[in-house]
Amino acid sequence: MNAPQLPGSLVDNPRLDRWIHFEPNKTVRVATGKVEIGQGVVTALGQIAADELDVPLGRVTILSGDTVHGPDEMYTTSSLSISMSGGSIRLVCAEVRAKALERAALRLNCSPDDLTVVEGEFHQNGQATGQSYWTVAGEIDFTQAPTGSAKPKAASDYKVVGQSVPRIDLPAKLTGAAFVNDVIPKGTLHARMLRQPSRGATLTSLDEAAIKRAAKGELQIVREANWVAFVSPVESVAQAAAAAAPQHAKWSNVQRITPPQQEAQWLEGQPSEDRTIGAPAPATPSRDVVTITVSRPYVAHASMAPSCALAEYRDGHLTVQSHGQGMHPLRKNLAIVLGIPVEQITAKHLHGAGCYGHNGADDAALDAALVAMRLPGKTIRLQWRREEEFGFEPVGPAMLVTLRVALDGKGRPADWTTEIWSPTHVQRPGMGAGYLLASEALSNPPPEVKPTDPPEARGGGGTRNAVPLYDVPAHRILHHLVQRAPVRTSALRGLGALPNVYAIEMLMDELAARAGEDPVAYRLSIMSDKRARKLIELIADRSNWKARGSLGNGKGLGMAFARYKNTAAYCAVAAQVSVSETVTVEKVWCVADCGLVVNPDGCRNQLEGGVVQALSWTLKEQVTFDEQGISSIDWERYPILRFSEVPEIHAEIVDGAGNPSLGMGECSVGPTAAAVGNTVAQALGVRIQDMPLTRERIMAALLKT
Amino acid sequence: MAIAVTVNGQARSIDAPETATLLDALRNHLGLMGTRYGCGLEQCGCCMVLVDGQPVYSCTRELGTVAKRSVTTVEGLGTAAKPHPIQQAFIDEQAGQCGYCLSGIVVSTKALLDRTPNPSRADIVAALDKHLCRCGTHTRILKAVERAAKEMRK
């Protein structure tokens with residue numbers, strides 16, 4: 001008999017007690033390796049467990065991101081939490097439910113099929129039996145590996161999954177302490193950093209006396225090689241020391257970067273690792289080739305809070321509390337840098353401000369741990385400064401995307417080449433591609449590593465969504481993975497999807513125009529995927545596409561579609577804008593097909609959030625450089641979309657139609673960017689191919705027409 | 001040096017320098033964590049509190065300047081168990097994703113509704129435009145304020 005194919009998380013965590021534990025007070029603790037980053041996943045996973053166990057949601061506690069008791073599910077990334085962790089939790093709960101009913105049936109001398117579960121209690125013939133999960137839990141061997149052999153409930157039996165259950169963490173966030181930044185036990189020492197300006201820079205002198213004078217209080221300076229931290233029982237003293245320190249520090253061997261390097265165009269021709277994926281080049285190159293090049297600059301995560309972590313080294317054990325996206329990887333990475341066995345480290349997740357990818361969170365955890373190891377028995381709270389978060393977090397990489405598409409006799413794509421220049425999209429430590437930042441400043445910095453991008457099987461990095469979902473007979477990607485970027489780059493929501501979808505969807509409009517056809521009709525003519533077709537038709541309906549021509553001067557209505565990673569959620573977006581010197585987005589419609597939806601309102605919240613973020617990236621955002629490094633180090637130099645600029649947004653999720661859950665947290669970003677690009681093109685009469693669509697670019701485009 | 005301030009209706013004596021920031025005093029001396037540090041530069045609004053009913057950036061405001069005055073933070077409006085109508089409206093609209101920007105926005109909303117109990121959409125946008133929200137929850141936040149205004153007029 002073939003064993004059912006288990007989700008990777010169950011294979012990696014082959015003990016039931018890593019996933020579930022019945023507590024004495026008639027509650028159940030269900031654990032996940034995924035963490036809450038503002039996307040509502042902890043609430044949603046609770047819903048899955050509540051349904052599968054038939055325990056009220058209020059009695060399900062989710063333990064998230066805990067290396068002591070919880071499973072290792074790597075990072076919370078790539079829109080996989082519901083399918084991977086949710087899928088695992090569903091199977092574990094179904095299996096435990098079956099085992100519990102078996103045990104109860106033995107006690108009751110009946111068949112397990114005679115029993116139903118009502119709020120965790122086992123009923124027979126509509127009557128409570130006195131048996132429950134809690135009476136029989138002691139008889140179940142939770143050290144066993146999950147087998148996935150118990151059938152989970154049918155979707156038609158769900159009572160909690162599919163409901164818009166309110167976020168369990170929201171009330172605390174509206175009324176008081178709720179974040180990693182808010183945990184300050186008595187006796188906590190506050191710490192701040194002096195950052196090594198670039199890899200390899202050497203601290204040649206540090207005027208500690210001057211820094212202490214500027215700090216105006218009790219201050220301890222801890223150092224090793226090029227790593228310096230300021231520690232004080234008074235937070236403002238540590239903050240003052242860190243603010244003053246750069247002018248009292250001299251560095252040699254600082255890497256200089258230049259402003260031209262901040263543009264995506266700089267990437268072309270840089271040393272790169274090249275590969276070609278896909279169909280071989282055509283034997284006879286066509287002459288009817290349409291070419292389009294789009295670009296996206298470096299973009300910041302720009303979290304509302306600077307990264308923060310707590311660390312304590314006591315009795316030979318290091319405990320770190322962090323808002324990073326993966327506690328088990330963090331624990332392993334800390335062990336490597338600190339040179340201590342992983343068993344001596346505990347990492348626990350606390351909520352942070354939204355990170356939208358790999359920001360400074362893990363680095364702050366190392367910073368805090370390094371201080372803690374040097375001050376045993378003390379609780380260390382380390383927080384980055386605002387300038388540090390902007391200046392030293394990894395940023396979303398710039399991308400240059402060129403499409404060369406040969407057309408057939410009907411003006412449809414026959415042969416399609418996508419050429420991408422981009423640095424790596426993932427430099428998460430422990431995956432062979434990057435390091436925790438402070439490790440480079442210590443005495444034995446790790447060797448420089450060759451950057452890698454996630455493989456295509458995991459959705460790719462720079463190549464994410466480069467393969468169009470449209471019916472294209474032959475497609476290939478020329479991927480130039482730029483080996484050295486001027487700044488550290490890593491995962492930002494969507495990875496390469498936004499620039500790739502921008503390019504594909506701008507091309508679709510261009511090809512439609514050349515064929516003299518409506519952009520929606522053109523897309524439908526080359527899209528076989530039924531779920532995609534449905535959304536494209538729906539977005540046209542919702543945005544009143546047929547009235548598009550009569551919007552008036554300077555106004556436009558454009559649309560775009562993509563299926564995230566070509567395997568996750570489908571999403572179509574339409575945007576109505578007016579353009580004078582700047583772009584004003586008036587309305588955005590967003591429709592998505594996410595398969596089975598656990599929490600509809602939570603999903604809509606993510607769609608809306610992705611829309612706003614993508615509008616902000618597309619219209620406003622660019623990381624800027626000066627000789628010292630990143631120069632866009634505060635909100636004035638790195639403006640994001642404001643209340644006065646956010647349009648009316650209508651987000652809608654279509655019925656899942658029995659399809660499995662599809663990861664949707666990132667699905668709206670690519671189509672939103674592209675819809676704006678296409679809309680602006682309709683309004684202006686000329687395409688702007690380089691993001692962000694700033695006033696300067698619009699003026700230049702207007703002058704051309 | 002002890003500085004007398006009324007915080008959330010309670011007379012408090014804060015043993016911190018006059019030049020300490022109000023944010024530092026609230027969090028590190030009074031343990032009131034609802035007011036948050038975002039930038040320290042008056043650029044994001046996360047640190048907003050009310051001083052004598054007016055919105056103030058606590059990240060830069062010196063403690064000495066609020067001596068003998070009345071400060072209100074989110075804790076003074078309501079708790080998770082007993083939320084203020086504004087906080088309840090945000091819960092009802094699920095107006096939050098990471099939630100970090102919300103306490104500052106709730107405080108500014110209180111000031112707005114005290115002044116303008118029936119604000120237009122434009123009034124709300126003008127009052128909140130100094131606040132940044134990176135998650136993109138703006139549309140829900142605006143709806144929450146409208147909902148709170150309606151509830152509070154009852």
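Which residue forms a salt bridge with A:Arg192? The legends below begin with that pair.

**View 1. A salt bridge between A:Arg192 and A:Glu235 in the predicted model.** The closest N and O atoms of A:Arg192 and A:Glu235 are 2.8 Å apart; a salt bridge is a side-chain nitrogen of Lys or Arg within 4 Å of a carboxyl oxygen of Asp or Glu. A:Arg192 lies in strand β7 and A:Glu235 in helix α7 of chain A, so the pair ties together parts that are 43 residues apart in sequence. Both A:Arg192 and A:Glu235 are buried (buried means under 20% relative accessible area, exposed over 50%, partly exposed in between, with a 1.4 Å probe and protein chains only).

**View 2. A salt bridge between A:Glu440 and A:Arg199.** Here the N to O distance is 3.1 Å, and the two residues are 241 residues apart. A:Glu440 is buried, at 16% relative accessible area, whereas A:Arg199 is partly exposed, at 25%.

View 3. B:Lys110 counts as buried at 17%; B:Asp114 is partly exposed at 48%.

**View 4. B:Arg140 and A:Asp601 form a salt bridge.** Their closest N and O atoms are 2.9 Å apart. The count between chain B and chain A is 5 salt bridges.

In this predicted model, local features need pLDDT of at least 70 and side-chain atom pairs pLDDT 80 or more, while totals for chains, interfaces and linings use all residues. Side-chain values use heavy atoms, without hydrogens and water, residues are numbered from 1 along each chain as its sequence is written, and chains are lettered from A and ligands numbered from 1 in the order in which they are written.

Notes. Helices (H or I, at least four residues) and strands (E, at least two) are DSSP runs, numbered from the N terminus.
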